[in-house]
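Welcome! Here is a short briefing to read alongside the sequence and the model.

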Amino acid sequence: MDQKQNKRSLIPEETINKIIERIELGEPLTKICKDKSMPSLSIFYRYMRNDEKLQNKIRQARETGCFTMIDKINEDLGEMHTKIRLHI
């Protein structure tokens, strides 16, 4: 791949940081990549395939995102439990 093609295929660091932040907040990468301001899923995976550091960052973000989702579920369950108790 020549340098011109390589430059075109780069995803800006700012975009990668936004993707990581959204994953950490529990948003699926498939949904993120449907956003018009983000690279497509296939482009992002192709880019990630060649960058081990990025693979690790995404893996860590997904782990954090799972914990975020667990927290949200626990919060929702707590709120539902409170509402049920108030109606009894």
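## A serine and its partners

The side chain of Ser40 comes to 3.2 Å from the backbone nitrogen of Ile43. That is a polar contact, meaning a pair of N or O atoms within 3.5 Å; within protein, one must be able to donate a hydrogen and the other to accept it, and residues adjacent in sequence count only if both atoms are side-chain atoms. This is a predicted model: local features need pLDDT of at least 70, side-chain atom pairs count only at pLDDT 80 or more, and totals for chains, interfaces and linings use all residues. Residues are numbered from 1 along each chain as its sequence is written, and side-chain values use heavy atoms, with hydrogens and water left out.

**More on Ser40**
- The side chains of Ser40 and Ser42 are joined by a polar contact of 3.4 Å.
- Ser40 counts as partly exposed because its relative accessibility is 30% (buried means under 20% relative accessible area, exposed over 50%, partly exposed in between, with a 1.4 Å probe and protein chains only).
- Between the C-alpha atoms of Ser40 and Leu29, 11 residues apart along the chain, the separation is 9.8 Å.

**The chain as a whole**
- The chain has 5 helices and 0 strands (DSSP runs numbered from the N terminus: helices are H or I with at least four residues, strands are E with at least two).
- Of its 88 residues, 23% count as buried.

**Helix α5**
- Thr68 is found in helix α5, and Thr68 counts as buried because its relative accessibility is 17%.
- Leaving aside residues up to four places away in sequence, Thr68 touches Glu24, Leu25 and Gly26 (a contact means heavy atoms within 4.5 Å).
- Leu77 also lies in helix α5, which covers residues 52-87; Leu77 counts as partly exposed because its relative accessibility is 46%.

**How confident is the prediction?**
- The chain averages a pLDDT of 88, and 89% of the residues score at least 70 (pLDDT is the predictor's confidence in each residue, from 0 to 100).
- Which elements have the lowest and the highest mean pLDDT? Helix α1 (residues 3-9) has the lowest, 46, and helix α3 (residues 29-32) the highest, 98.
- Over residues 1-8, pLDDT stays under 50, and the model has 2 contacts beyond four places in sequence for them.
- Where pLDDT is low, the predicted coordinates should not be read in detail.
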